[in-house]
Amino acid sequence: MMIGNYPATRLRRTRAASWSRALHRETALSPADLIWPLFVTAGSGVEEPIASLPGVARWSVDGIVARAREAVALGIPVVALFPNTPRELRSADGAEALNPDNLMCRAIRAIKDACGEALGVLTDVALDPYTSHGQDGLVDAAGYVINDETVAVLVDQAMNQAAAGADIIAPSDMMDGRIGAIRRALEMGGHVNVQIMSYAAKYASAFYGPFREAVGSGGLLKGDKKTYQMDPANAEEALREVALDLAEGADSVMVKPGLAYLDIVQRVKARFAVPVFAYQVSGEYAMIEAAAAAGAGERDALVLETLLAFKRAGASGVLTYHAAHAARLMGA
Ligand code: PBG
């Protein structure tokens, strides 16, 4: 790279006017970069605010359909669904995940009926919204999440979602081997165009607290998820996770959480040149809202700057609870 010397080269020259800043901007953010996570709850006409996620609510299926139509109007291409399973339907084996009429499947069908091809539906594969212990898989007597038995259930969960019309299956459980097992089942079941977005590099993070309140698993969970989610200290291991999931048939991969892991986004993009998505998780959303409420930053600017940072790092798109607000700020 040729770098000239001052004053022949003055990098402030191209920053001097807004037209020039627009011309030289390297990264662009658009509503099409966003995936909007939505929380589904039982009943009808229900909107339940989530205390630790100010501005985010759980919606019953009718409200979810209204949000889905809103997403289409705003140019957001995909919504991601998470159920708040009623307490009495949670069990040690998370069997409600396999019910073809569970909240998730009802929401998928209602959205696909209302929006068709205009909106993609991404569904989370993991058992935590369905288990009485709040872990993402089946546990043995010692409380350890058992891998292979869990994968078998996750395959059935994914097939249940695909049958209901899910467009993108997103396993967030971090079991070994689940991408290949789910891909094989989808192929054999005729769902050849159902995508898999793997939560490939998902860390055992302190940023998931508000999400666990939203899906009602927080109060149930004892201990942590460190025997399956990744150690925040590790980056090389993230590359191995991504390599395996791609080899097993993932169409795209995700890094989660987001802002604190932009180095992982960048390294995955540089190494594999595949679609990489980042999840700006619940605790990150809450931090931005808290900072804005405390007067420590301007909300809209914080939202757009953080989302742009994901794009700059190489992300194809971002899952964010700010999706609708951000799309509006972009003039959608
Ligand atoms: C569940 C799941 C979690 C999130 C997405 N899917 C929580 C967890 O692993 O405990 C977190 C999302 C967020 O915090 O916004 N497997």
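In this predicted model, a nitrogen atom of the ligand lies 3.3 Å from an N or O atom in the side chain of lysine 256. Aspartate 136 and serine 172 also place polar side-chain atoms by a ligand nitrogen atom, each at 2.8 Å. The table lists these distances.

| Residue | Distance from its side-chain N or O atom to a nitrogen atom of the ligand |
|---|---|
| Aspartate 136 | 2.8 Å |
| Serine 172 | 2.8 Å |
| Lysine 256 | 3.3 Å |

On its own the ligand has 400 Å² of accessible area, and the protein covers 100% of that. There are 18 residues around the ligand; those that come nearest are Lys202, Lys225, Lys256, Ser282 and Tyr321.

Lysine 256 also takes part in a cis peptide bond, which joins lysine 256 to proline 257 with omega about -5°. Proline 257 sits in the loop that runs between β8 (252-256) and α8. Another cis peptide bond leads from tyrosine 6 to proline 7, with omega near 5°; proline 7 belongs to the segment before α1 (18-24). Most peptide bonds are trans, and most residues other than glycine have a negative phi. Methionine 174, which is not a glycine, has a positive phi of about 65°. This methionine 174 is in the loop between β6 (168-171) and α5 (178-188).

Helix α8 (residues 262-272) packs with helix α10 (residues 299-313) at an angle of about 30°, their axes being 8 Å apart. Because angles under 35 degrees count as roughly parallel, α8 is roughly parallel to α10. Leu262, Val265 and Gln266 of α8 make the contact with Ala309, Phe310 and Ala313 of α10. By class, five residues in this contact are nonpolar, one is polar and none is charged.

Technical notes:
Residues are numbered from 1 along each chain as its sequence is written. This is a predicted model: local features need pLDDT of at least 70, side-chain atom pairs count only at pLDDT 80 or more; totals for chains, interfaces and linings use all residues. Side-chain values use heavy atoms; hydrogens and water are left out. Axes are lines fitted to C-alpha atoms, for helices over the stretch in contact, and angles run from 0 to 180 degrees between N-to-C directions. Helices (H or I, at least four residues) and strands (E, at least two) are DSSP runs, numbered from the N terminus. Angles under 35 degrees count as roughly parallel, over 145 as roughly antiparallel, 65 to 115 as roughly perpendicular and the rest as oblique. Contact means heavy atoms within 4.5 Å. Ala, Val, Leu, Ile, Met, Phe, Trp, Tyr, Cys and Pro count as nonpolar, Asp, Glu, Lys and Arg as charged, and the others, Gly among them, as polar. A residue is near a molecule or strand if one of its heavy atoms lies within 4 Å of it. A polar contact is a pair of N or O atoms within 3.5 Å; within protein, one must be able to donate a hydrogen and the other to accept it, and residues adjacent in sequence count only if both atoms are side-chain atoms. Accessible areas come from the Shrake-Rupley method with a 1.4 Å probe; for residues, only the protein chains shown count as cover.
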